[in-house]
Amino acid sequence: MKRNRDRSAQLAAGRATLQARKIAAHEAALLCGRVKVNASLLKPDNSYSTPDYVLRGYYLDRPFTCKDCGAAQVWRDTQQKWWYETARGGVWTMATRCRSCRRREQARVAEARRVSLEGREKKKNIK
Ligand SMILES: [Zn+2]
């Protein structure tokens with residue numbers, strides 16, 4: 001009788017191990033070739049909800065339309081990883097401009113900043 005109980009416990013443990021291995025293999029297959037999310041590198045956010053890419057565990061290419069020129073664009077998974085984890089952009093932000101419009105916008109903002117600072121310097125010198 002005791003031997004029977006040991007045997008069924010062994011079988012149950014074996015089934016649990018097999019199940020765990022199956023789940024691990026399934027998860028590995030899902031992540032195969034994916035750009036994984038490292039949630040510990042994301043910019044802290046006080047939102048109660050979690051972005052879809054964090055729940056999913058990996059980034060997916062996201063199509064978008066450039067807000068300046070209207071060109072159809074794709075924000076690549078690798079670009080998203082860089083933006084969220086290296087540049088530490090807000091976790092809810094998303095690409096809005098194509099590369100050339102982004103460059104143009106950066107130049108416009110830099111020029112506006114330069115003019116503004118120049119104006120403030122002139123004001124200071126008048127006083
Ligand atoms: Zn554009």
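Predicted model: local features only at pLDDT ≥ 70, side-chain atom pairs only at ≥ 80, totals over all residues.
Colleague: Why is Val-115 called exposed?

Modeller: Val-115 has 10 other C-beta atoms within 10 Å. The limit for exposed is 12 or fewer, so Val-115 is exposed. This residue lies in helix 4, which covers residues 99–126. Its C-alpha atom is 42 Å from that of Tyr-58, a residue 57 places away along the chain.

Colleague: What makes helix 4 as a whole buried or open?

Modeller: Helix 4 has 28 residues, and the number of them that are buried is zero. Helix 4 therefore lies largely in the open.

Colleague: How do you know what length helix 4 should have?

Modeller: At 1.5 Å a residue, its 28 residues should span 40 Å. The end C-alpha atoms of helix 4 are 41 Å apart, so the two values agree.

Colleague: What is the phi of Arg-88?

Modeller: Arg-88 has a positive phi of about 55 degrees, and it is not a glycine. Most residues other than glycine have a negative phi.

Colleague: What class does Pro-51 fall into, and why?

Modeller: Pro-51 has 17 other C-beta atoms within 10 Å.

Colleague: Why do strand 3 and strand 4 count as paired, and in which sense?

Modeller: Pairing needs at least two bridges. Strand 3 (residues 62–65) and strand 4 (residues 72–75) have four, in the antiparallel sense, so the two strands pair. Pro-63 stands opposite Val-74, and Thr-65 stands opposite Ala-72. The hairpin has six residues between the strands, and Gly-70 in this hairpin takes a positive phi near 80 degrees.

Colleague: How do you know how the radius of gyration of the protein chain stands against that of a compact globule?

Modeller: A compact globule of 127 residues would have a radius of gyration near 14 Å, whereas the protein chain has 26 Å. The C-alpha atoms fill a box of roughly 100 × 40 × 20 Å along the principal axes. Of the 127 residues, 5% count as buried.

Colleague: Which elements does the protein chain hold, and in what order?

Modeller: There are four helices and four strands. From the N terminus on, they run α-β-α-β-β-β-α-α.

Colleague: Which of these elements has the lowest mean pLDDT, and which the highest?

Modeller: Helix 1 (residues 2–31) has the lowest, 81, and strand 3 the highest, 98. The protein chain averages 91, and 97% of the residues score at least 70.

Notes
Residues numbered from 1 in each chain as written. Helix = DSSP H or I, 4+ residues; strand = E, 2+ residues; numbered from the N terminus. Rg over C-alpha atoms; globule rule 2.2 N^0.38 Å. Buried ≥ 20, exposed ≤ 12 C-beta atoms within 10 Å, placed from the backbone. Expected span 1.5 Å × (residues − 1). pLDDT = per-residue confidence, 0-100.
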